[in-house]
Amino acid sequence: MNKPTVVSGIRPTGYLHLGNYFGAVRNFLRMQEDYNCYFFIADIHSLTTHPTPENLQSGVKQVLAEYLACGIDPEKSTIFIQSDVPEINELYTILNMNAYLGELERTTSFKDKARQQPENVNAGLLTYPVLMAADIIIHKAHFVPVGKDQEQNLEMARKFAKRFNRMYKSKVFPIPKPFTFDGADLVKVPGLDGSGKMGKSEGNAINLFDTEKEIRKKVMRAVTDAGPTEMNSTKPEPVQNLFTLMDIVSDPEVVKQFDEAYAKCEIRYGDMKKQLAEDIVAFTSPIRSRIIEILEDDAYLAKVAKMGAEKARESAAETLKEVKQLVGFKKLF
């Protein structure tokens, strides 16, 4: 029996952080056992922010090494670089002909990006959901793991798949659904700035590639307050964030110790931060060592990228052939 197909991509802008690992990558490791997984590095998407060629190349290499270091297995999953699969761009072009200006302008992601970079409101930002749709449906994905910020773009992908099927009276594309993990598998990792979740652009993240010194410095700077003044008081959000991080990386007995100290108004945030930093270092150090090892092995990275490109292109070419026949692109002579 064929396994359901799952597709997920990440832009090569910055390093993977604890939020990426516990929010997504850890679940990917389990998914690759039961699903036909395509995990790609979205270097074409990253062009909307005009990275230098050097930054683009180093970013792709870094994310590829980090995926592998975290345990994504190229023998079990298809790990590939988006630009290595030209069929994606061809499907993107075809889908663009049936994507309408009004619906693209109304997407939250486009409006947000247009506000964030008013001097660079390019066509790629506008048609970002179309390229995302091509990424997903070219492999006939059944499921896509998405965060809240990408739910609308997945809905657009569903819309474009349905529209194509309807226009050409076909069932070439399955309609992709959001992948829903069990509640126990969903972990929202808070940032160090006192609010919200950990994120690349928020400057509140601990990266898997951070050095021990960088981790300790970041954790010691984490936002707290003056400390509780009443027994058993409710923790304010910045303090709760630290406890949430400790829940994720520390021994339960350690968490219990600091929780009881807080309840008794005896908490010393400096001691708690030092313990949290050491526990994060203990977790990330083996991964960081593996990342460094892989980054130094260009032959292995090239082998993984080549194998992933071949597998992804085989899948993409089959779908594109069907699409072109439906559209009417046939050799007449």
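**Asparagine 20 and its surroundings**

Tutor: Asparagine 20 is in contact with Tyr15, Val25 and Lys200, once its neighbours within four places in sequence are left aside. The model is predicted, and every value below is computed from it. Asparagine 20 sits in helix 1, which runs over residues 18-34. Its relative accessible area is 18%; the cut-off for a buried residue is under 20%, so asparagine 20 counts as buried.

Helix 1 also holds aspartate 34. In contrast to asparagine 20, which is buried, aspartate 34 is exposed, at 51% relative accessibility. The cut-off for exposed is over 50%. Beyond the residues up to four places away in sequence, aspartate 34 touches Lys3 and Pro4. The C-alpha atoms of aspartate 34 and lysine 3 are 6.8 Å apart, although 31 residues separate the two in sequence.

Val25, one of the contacts of asparagine 20, is also touched by cysteine 70. Cysteine 70 lies in helix 2, and it counts as buried because its relative accessibility is 8%. Besides Val25, cysteine 70 touches Tyr21, Leu29, Leu208 and Ile287, with residues up to four places away in sequence not counted. From cysteine 70 to tyrosine 21 the distance is 8.1 Å, C-alpha to C-alpha, across 49 residues of sequence.

The cysteines can be taken next. The count of disulfides is zero. Cysteine 37, for one, is in no disulfide: the nearest cysteine sulfur belongs to cysteine 70 and is 15 Å away. A disulfide would need the two sulfur atoms to be within 2.5 Å. Cysteine 37 counts as buried, with 1% relative accessibility. Cysteine 265 is partly exposed, with a relative accessible area of 29%. The place of cysteine 265 is the loop that connects helix 11 (252-263) and helix 12 (269-295). Its phi is positive, about 65°, although cysteine 265 is not a glycine.

A positive phi, of about 55°, is also found at histidine 50, again not a glycine. Histidine 50 is in the loop between strand 2 (36-41) and helix 2 (53-70). At 55% relative accessibility, histidine 50 counts as exposed. Alanine 42 is placed in the loop between strand 2 and helix 2 as well, but alanine 42 is buried, with a relative accessible area of 3%. Its contacts, leaving aside neighbours within four places in sequence, are Ile10, Arg11, Pro12 and Gln82. The C-alpha atoms of alanine 42 and valine 254 are separated by 39 Å, and the two residues are 212 apart along the chain.

Helix 3 covers residues 86-96, and within it Glu87, Ile88, Leu91, Tyr92, Ile94 and Leu95 are buried. These residues lie on the same side of helix 3, because they cover an arc of only 165° around the axis. Strand 3 (78-81), helix 7 (128-137), helix 8 (151-167) and helix 13 (298-327) are among the elements that cover them.

Asparagine 232 belongs to the loop between helix 9 (212-220) and helix 10 (237-249). With a relative accessible area of 63%, asparagine 232 is exposed, whereas asparagine 20 is buried. Between the C-alpha atoms of asparagine 232 and asparagine 204 there are 28 Å, and along the chain 28 residues.

Terms used. Residues numbered from 1 in each chain as written. Predicted model: local features only at pLDDT ≥ 70, side-chain atom pairs only at ≥ 80, totals over all residues. Heavy atoms only, no water. Buried < 20%, exposed > 50% of the residue type's maximum accessible area, 1.4 Å probe, protein only. Helix = DSSP H or I, 4+ residues; strand = E, 2+ residues; numbered from the N terminus. Arc of directions from axis to C-beta. Contact = heavy atoms within 4.5 Å.
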